[in-house]
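These are my notebook entries on one structure. I record what I looked up, together with the cut-offs behind each term.

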Amino acid sequence: MTIFPDKMEKLEIKNVSKAFEGRAVLEDVSISLKQGELVSLLGVSGGGKTTLFNIIAGLLTPDEGQVFLDGREITGKPGSVSYMLQKDLLLPYRTVEDNVALPLILKGMKKEEAREQASALFADFGLAGTEKLWPAQLSGGMRQRAALLRTYLFSRDVALLDEPFSALDTLTKSAVHDWYLGVMEHIKLSTLFITHDIDEAILLSDRIYLLTGQPGKVTREIAIHAPRPRRKDFTLTEEFLDYKRQILAALGQ
Amino acid sequence: MKRKLRNTTRDKGPALIALGGLLALWIAASALEWVPGYLLPAPWDVAAAFATEAPLLLEHSLITLQEAFYGLVLGVGLGFLFAAAMDAWDLLYRALYPILVLTQTIPTVAIAPLLVLWFGYEMAPKIILIVIVTFFPVTVGLLDGFRAADRDAVALLRSMGASPLQVFRYIKFPSALPQFFSGLRIAAAYAVVGAVISEWLGGFGGLGVYMTRVKQAFAFDKMFAVIFLISAISLGLMALVDWAERRCMPYRNSKGEET
């Protein structure tokens, strides 16, 4: 029997549980994502966040629960939502352009056509001029941009970003946040974002789920009402600090 | 680029000096008659033999090269199929890998006469021997390469809905290229040596056949000429592999320039 979720939800995760070799990692996790929303999953490392993403991406099958995209069940089926990891995973033997175009080629598009579609977006992502370079020739920040563009080209629907910026140093990260907020203004990607960085979560998100405990459970949902477009100096406001206090209190720190 | 050039000179300098020293010693030994000429021919005698025998050497070289080429192509092709299958099915890997290692303990010189008995004096036994000796380094190189492929990259492609064949084509195969070329370089040298050894044991043409003939005639100058030619052919083939490697992996050259 199929359960029809609320029409408003882009992505809906219902009552997902998962155990590995008898050890429960996720327990009864339900989260949702609306069209164009950016929602963060905040929690300590090893709290089951990545397992949850693998389930949403269809790489793992949950022991219990279901995943819906636009009301259609996608539990255990890869290829529906795009997925970006902390490692940029740009293939060293393909040019930046060919890396970015890879998801289109995998879908059966001709190489030339895929390249064309990819290069049309290079400027929007701040990657103009890097098309023919090898990934090794890009800086860390630029590589993440390229990885995000590849994610975006795979699906303009829903993106799962697993700590995409956590490997970057503080200054680069801050610049990438600025860039990311700018890009999001006009691409309106529905995004589920994993992070263990509280500041990053508040700055970027519309809503934050706190995923805590062993096994991981959603213990709190916090909506960030600050208007968009947000600027980096939002992190210095009293409002921002209020949110941060709330989260720290909820995490028991 | 500049740094690369300097590296090459620094790397090869000592080897070139040592090689020059050996050549000087050989010239001295011949000129001062430390060793009788019928045991160790002088460099100029070898050069002269090479010049007069050039048309004959070319003819035999072509036969040897042909055998080496067919054997190498078949060995690489077979190695590729085995490596791909063994990577895809772990059971096959566990079943065949020990046998693969076992084949390497069989001395080439020992099975070559058997192959001649079974397959005759034509090209077949020579090509089979070359396949046997080239197959192993290529298979092992590819297998290691396939297994070294980044698991996260494979997961990423799977999340994009890639088929196993697409994962192979876009991740596993390109990741295995460096190890594949290392294996191929060894295989290319083995192929020439394998061809010559199998020609020794019977055949109608090829550098190995030429070698046995001049040996029986005690023509040591010609013997030396053909030995140098075989070395040169092996080096040439290895250089060809290096060239193909650079062509197939241009991203490797650009890495150093940036950092």
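**Entry 1: Lys10(A)**

I looked up the polar partner of Lys10(A) and found that its side chain makes a polar contact with the side chain of Gln35(A) at 3.5 Å. A polar contact is a pair of N or O atoms within 3.5 Å; within protein, one must be able to donate a hydrogen and the other to accept it, and residues adjacent in sequence count only if both atoms are side-chain atoms. The model is predicted, so I note that local features need pLDDT of at least 70 and side-chain atom pairs count only at pLDDT 80 or more, whereas totals for chains, interfaces and linings use all residues. Residues are numbered from 1 along each chain as its sequence is written, chains are lettered from A and ligands numbered from 1 in the order in which they are written, and side-chain values use heavy atoms, with hydrogens and water left out.

Lys10(A) belongs to strand E1 (residues 9-20) of chain A; helices (H or I, at least four residues) and strands (E, at least two) are DSSP runs, numbered from the N terminus. Is Lys10(A) buried or exposed? Lys10(A) counts as buried because its relative accessibility is 9%. Buried means under 20% relative accessible area, exposed over 50%, and partly exposed in between (1.4 Å probe, protein chains only). Not counting residues up to four places away in sequence, I list among the residues that Lys10(A) touches Leu33(A), Phe68(A), Asp157(A) and Ser190(A); contact means heavy atoms within 4.5 Å.

**Entry 2: Leu38(A)**

I placed Leu38(A) in strand E3 (residues 38-42) of chain A. With 6% relative accessibility, Leu38(A) counts as buried. The C-alpha atoms of Leu38(A) and Ser205(A) are separated by 5.1 Å, although these residues are 167 residues apart along the chain. Beyond four places in sequence, Leu38(A) touches several residues, including Tyr180(A), Phe193(A), Ser205(A) and Arg228(A).

**Entry 3: helix H2 of chain A**

After H2(A) comes Gly108(A), whose phi is positive, near 100°.

**Entry 4: salt bridges**

Because Glu27(A) lies in strand E2 (residues 23-34) and Lys217(A) in strand E10 (residues 217-223) of chain A, the pair ties together parts that are 190 residues apart in sequence. Glu27(A) is partly exposed at 34% relative accessible area, and Lys217(A) is partly exposed at 38%.

In chain B, the side chains of Arg185(B) and Glu245(B) meet in a salt bridge at 2.5 Å, N to O. This pair links distant parts of the chain, with Arg185(B) in helix H7 and Glu245(B) in helix H9 (residues 220-248), 60 residues apart. Arg185(B) counts as partly exposed at 22% relative accessibility, whereas Glu245(B) counts as buried at 13%. I also note that salt bridges with shared partners join Glu97(A), Asp98(A), Glu112(A), Arg115(A) and Lys132(A) into one network.

**Entry 5: the interface of the two chains**

How many residues of chain B are in contact with chain A? I count 21 residues of chain B in contact with 22 residues of chain A. About 2100 Å² is buried between the chains, and carbon and sulfur atoms give 68% of that area; buried area is the accessible area (1.4 Å probe) that two parts lose on being put together, summed over both. The rule finds 2 salt bridges across this interface. Lys87(A) forms a salt bridge with Asp150(B), with the closest N and O atoms 3.3 Å apart. On the side of chain B that touches chain A, the elements giving two or more residues are helix H6 (151-159), helix H7 (164-200) and helix H10 (250-258). H6(B) gives the most to that side, with 7 residues.

Notes
A salt bridge is a side-chain nitrogen of Lys or Arg within 4 Å of a carboxyl oxygen of Asp or Glu.
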